[in-house]
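Please read the following report alongside the sequence and the coordinates.

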Amino acid sequence: MLCTRLTNARFLTMDPDHPVAHDLGIWRGRIVGLDEAVTSLPAREVIDVQGATVLPGFIDSHVHLAWTGFKAGTPSVAPCTSVEDVLAAVAEAVARTPEGGWADLAGYDQRGLGRHLTAAELDKVSAGRKVFMMHDSGHGCMVNTAVLDLLPAELPHEEGFLAEGAMGAARALRLPYSQQELADAIGLAARTCLAEGVTACAEAGIGGVLFGHSPVELGAYQLAQEQGKLPLRVQLMVSADRLRPVTAHEDDGIPRALDLGLRTGFGDDRLSVGALKIYTDGGMMARTAALTGPYQGLDHTGQLQDAPEILADTIVDGHLAGWQLAVHAIGDRAADVALDALERAQRIRPRPDARHRIEHAGLIRPDQLERFARLGVTAVIQPNFLRYFGDDYAAIMGEERAPWLYRGRGFLEHGVTLVGSSDRPVADGSPLRAVQFMVERASTSGQVIGPDEGITVDEALHAYTVAGAFACHWEESAGSLTPGKRADLVVLGDDPRSVDVSRIGDIEVVATYVDGRETEEAAS
C-alpha cells in the first residue's frame with residue numbers, strides 16, 4: 001500500500017524518460033512510481049491536486065540562512081533615499097540601544113544615496129553607542145568612530161566604510177552568536193525558503209571571517225535540526241579560513257585540512273557538509289569585484305581578497321584534501337585566478353568528478369567560457385541580481401561588458417552546467433522570479449541586459465532542479481520526479497511553461513512537500 005498518491009496533477013518531472021505525468025505515488029518519503037504504475041495501487045491518502053502543476057522542489061544552491069534570519073530581525077535603512085533619512089533611522093536605533101552598546105542596522109547601500117556616509121556623520125547621532133551598518137552586498141559595512149577606535153589604526157577604510165577583510169575585522173568585534181540564536185535565525189530563513197518552493201539549499205560559507213557567525217557554527221545547524229527548525233535539506237559550505245596545516249601520511253598528499261580530515265560528503269540526506277568556500281574577490285554592489293578593466297566612470301578595478309598566489313595555493317590545497325570547491329569569483333579577473341588555480345590543481349591530482357563550482361561568475365569574458373567547459377567547472381549564478389540590480393551593473397560595466405553579466409546561453413552553448421541560486425538575503429530568493437529573468441533578461445525597470453544570454457523556460461527550470469542537484473552531488477536522490485528519489489515537490493498555481501513569461505515570477509506557490517509531507521510554511 002502507498003502512503004500517498006497525488007492525482008489529477010500536471011507533473012513536470014524534469015526526467016526525460018517520463019517528462020509529464022498525472023499521478024505520483026509516495027512510500028516512506030520516496031517516489032515509487034508514476035501514472036499507471038501507481039494508479040491502481042491502494043493508498044492511505046489520495047490527494048486531488050485539482051489540475052495544478054507540480055515540479056521537483058527547487059534547489060537553491062547558494063544561500064546564507066543565518067544572515068537571512070538575522071537580517072529579518074534587524075532595523076533596516078533600506079527604505080531611506082537620502083543621507084538625512086539614514087541618519088534619522090540610525091538615531092532611532094541608537095535610542096533603543098543601551099548606553100555603550102551596539103546599534104546594528106541592515107540595508108545600507110551607498111548607490112541609492114549617491115555617496116557613502118562618513119563616520120563623522122554617524123558620530124553626530126550615535127550618542128556614544130557603537131554603530132554597525134551591514135552593506136546589502138555583504139562585502140562591506142559602515143561604522144562610526146567608536147567602532148574604528150577598536151580596530152587597528154592601519155586598517156584601511158573610506159571615512160568609516162570598511163570593505164572585505166576590513167569589514168571582517170569589524171564583524172569579529174560583534175561575534176560570536178550563540179548556537180541557539182543561530183538556530184532560531186536559520187529556522188526563520190528555512191521557513192521562508194519553503195514558502196517559495198525551495199526544498200533544499202546550500203549554505204554558502206560557515207565559520208569564516210566574511211560571513212561566518214561562530215567558530216562552532218556547524219553545531220548550530222545540528223541544533224536547529226534537533227529542535228525541528230530545519231524543515232528542508234541543507235548542505236553546508238565550510239569557509240577555507242578553517243583549513244590548517246596538518247601532518248598527514250605522505251601518501252595522502254594533504255597539506256591543509258579541517259580537523260579530523262572532515263571534507264565534502266559527510267552527513268546525511270537532511271544535513272551534510274558540502275563544498276569548501278574560497279573567496280577570491282568582493283562584490284559589484286560594493287565595487288570590490290575584481291575586474292581586468294576599470295569600472296565605468298571609476299579609476300579602479302576592484303580587489304582580490306589576497307595575493308593571487310595565496311588564493312591559488314588555497315584552491316590547490318583544498319582540492320588535494322579531497323574537497324569539492326566553491327570558489328567565489330564575481331569579476332573576470334577573479335575568474336582568471338580561480339580557473340588558473342583549478343587547472344593547476346587538476347594537473348597535480350586529476351579528479352574528473354570533483355564538480356568544482358565558481359560561485360556567481362558575474363562577469364565572464366567570451367574567452368573564459370571554453371575554460372569553464374574544459375575544466376568541468378559548474379557556474380552557480382544569481383539571476384535575480386540582474387533583475388533587481390541590473391540597471392546599475394550594466395552602467396558600471398559599460399556597453400561592451402554588460403552582455404557578459406550573469407550569463408545563461410553562453411554557458412549552455414559551451415556545455416557548462418548552469419545552476420540557479422539566490423544568494424539570499426542579498427537579493428530576492430524566489431526561484432520563479434529568477435526563472436523569469438533567465439528567459440527575458442529584463443530588470444524591474446524593463447531594461448534588457450544581454451538579450452542573447454536568454455534561455456528557455458525549460459532550461460531555467462533545469463537550473464533550479466536537475467542542475468542544482470548535480471552541483472550538490474544530490475543527483476541520485478533529488479532534482480527530478482523519478483521513482484526512487486525523494487518526494488520533494490512544489491505545487492504551483494500555474495504552469496511556468498504555459499503562461500506569458502512576464503507572469504512566471506508571480507505564479508503562486510500553493511504547497512511544498514518534503515519527504516512526501518506537505519510543509520506548513522508553504523501551505524499557510
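This is a predicted model: local features need pLDDT of at least 70, side-chain atom pairs count only at pLDDT 80 or more; totals for chains, interfaces and linings use all residues.

Gln-50 belongs to the loop that links strand 6 (43-48) with strand 7 (53-56), and its phi is near 60 degrees, a positive value in a residue other than glycine.

## A positive phi at a buried position

Arg-287 is not a glycine either, yet it has a positive phi of about 65 degrees. Its relative accessibility is 16%, so Arg-287 counts as buried, and its place is in the loop between strand 17 (271-279) and helix 9 (308-320).

Is His-64 buried or exposed? With a relative accessible area of 4%, which falls under the 20% cut-off, His-64 is buried. His-64 is located in the loop between strand 8 (58-63) and helix 2 (65-72).

Leaving aside residues up to four places away in sequence, His-64 touches Glu-203, Ala-204, Phe-211, Tyr-279, Asp-423, Arg-424 and Pro-425. With one of these, Asp-423, there is a polar contact between side chains, at 2.9 Å.

## Two cis peptide bonds

Two of the residues that His-64 touches, Arg-424 and Pro-425, are joined by a cis peptide bond whose omega is near 10 degrees. Pro-425 sits in the loop between strand 21 (418-420) and helix 14 (431-440).

A cis peptide bond also joins Leu-175 and Pro-176, where omega is about 0 degrees; Pro-176 lies in the loop that runs between helix 6 (165-172) and helix 7 (179-195).

## Strand pairing around strand 4

Strand 4 (residues 24-27) runs antiparallel to strand 1 (residues 2-7), and three bridges join the two; within this pairing, Leu-6 stands opposite Leu-24 of strand 4. Strand 4 is also joined by four bridges to strand 5 (residues 30-34), again in an antiparallel arrangement, with Ile-26 standing opposite Ile-31 of strand 5.

Terms used:
Residues are numbered from 1 along each chain as its sequence is written. Side-chain values use heavy atoms; hydrogens and water are left out. Buried means under 20% relative accessible area, exposed over 50%, partly exposed in between (1.4 Å probe, protein chains only). A polar contact is a pair of N or O atoms within 3.5 Å; within protein, one must be able to donate a hydrogen and the other to accept it, and residues adjacent in sequence count only if both atoms are side-chain atoms. Contact means heavy atoms within 4.5 Å. Two strands pair if DSSP finds at least two bridges between them.
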